[in-house]
Amino acid sequence: MPLTLATQSPGEPEIFASLQGEGPSAGMPVAFLRLSRCNLACQWCDTAYTWHFAGDERPHRSGETFDRKTNQIVMGEEDVARRIAALGQNRLVITGGEPLLQAGALATLLEHLPDMAVEVETNGTVAAPPRLDVRIDQYNVSPKLAHSGNPADLALLPERLDAYAADPRAWFKFVIAAPGDVDEVLALKARYRFRPGHVFLMPEGTDSATLRAREEWLAPLCLEHGFRMSDRLHIHLYGDTRGT
Ligand SMILES: C[S@@+](CC[C@H](N)C(=O)[O-])C[C@H]1O[C@@H](n2cnc3c(N)ncnc32)[C@H](O)[C@@H]1O
Ligand SMILES: Nc1nc2[nH]cc(C(=O)O)c2c(=O)[nH]1
Ligand code: SF4
Ligand SMILES: [Mg+2]
């Protein structure tokens, strides 16, 4: 079963080397693999081109729709593995879209890869089957709050969040756009047994000025409530650009 990937330009799969810009391994040099498709529809999603295709009725704030043909590419697992290996990194971040929607093909891909540490960026609504899960070193789980525009019954699945909270490989990364969003995280913290030190708050934003302005009020809230803060290093370095 092949993989469906996002594209950095027409015909060019989104497989690239960069610094991990977010979360617990921010600053690490890594290989990135970005897959196509998502089961949610965040109105501020910075990679809507992976899932918001023409004819797709799910709402997106930008109103922009992307072409299904030029914005995704189908490749065999061995070809994808060769491209990743050619980047010469010892750590892989698998993201999307929602990468765990292609769990079967991802498990096959990892069988073809050299020994690499593997991180998965996920919205926390999908479980990795055991064949894939055994190969994952780190889950960066980003459950979606009300301001994402997703219905809570689709975005926050108690059984999944309980399982990720219990997993020492999982870190939580909540996107925050306004100070009131932190109240929602506090309610989730009271409901789920997140591990101490495993919860990050990260400002919503796709430009440096927005991130900086939001970090001014986010930093004191992190101090007050004992959350870690994540910046978005890649935005400061490269802007909101595909393949970075
Ligand atoms: C594009 S998502 C892909 C992985 C998965 N679908 C998820 O949401 O975690 C990668 C990360 O970017 C975050 N993200 C997406 N758009 C953002 C934005 N406008 N500002 C800040 N973070 C954003 C997500 O919350 C997630 O942590
Ligand atoms: N440099 C860089 N770091 C990232 N960390 C998580 C990303 C993602 O889109 O999942 C991301 C990304 O797109 N670029
Ligand atoms: S879950 Fe992730 S990829 Fe899907 S719409 Fe939200 S931010 Fe984008
Ligand atoms: Mg990103």
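Modeller: A polar contact is a pair of N or O atoms within 3.5 Å; within protein, one must be able to donate a hydrogen and the other to accept it, and residues adjacent in sequence count only if both atoms are side-chain atoms. This is a predicted model, in which local features need pLDDT of at least 70, side-chain atom pairs count only at pLDDT 80 or more, and totals for chains, interfaces and linings use all residues. Residues are numbered from 1 along each chain as its sequence is written, chains are lettered from A and ligands numbered from 1 in the order in which they are written, and side-chain values use heavy atoms, with hydrogens and water left out.

Colleague: How far does a backbone N or O atom of G97 lie from a nitrogen atom of ligand 1?

Modeller: G97 is among the closest of the 22 residues that surround ligand 1, where a residue is near a molecule if one of its heavy atoms lies within 4 Å of it. Between a backbone N or O atom of G97 and a nitrogen atom of the ligand, the distance is 2.9 Å.

Colleague: Is the peptide bond from G96 to G97 cis or trans?

Modeller: Most peptide bonds are trans. For the bond from G96 to G97, omega is near 20°, and the bond is cis.

Colleague: Are α6 and α7 roughly parallel or roughly antiparallel to each other?

Modeller: Helices here are DSSP runs of H or I with at least four residues, numbered from the N terminus. Axes are lines fitted to C-alpha atoms over the stretch in contact, with angles from 0 to 180 degrees between N-to-C directions; those of α6 (residues 181-191) and α7 (residues 208-225) come within 12 Å and cross at roughly 25°. Angles under 35 degrees count as roughly parallel, over 145 as roughly antiparallel, 65 to 115 as roughly perpendicular and the rest as oblique. The two helices α6 and α7 are therefore roughly parallel.

Colleague: What is the relation of α1 and α2 to each other?

Modeller: The axes of α1 (residues 77-86) and α2 come within 9 Å and cross at roughly 55°. The relation of α1 and α2 is therefore oblique.
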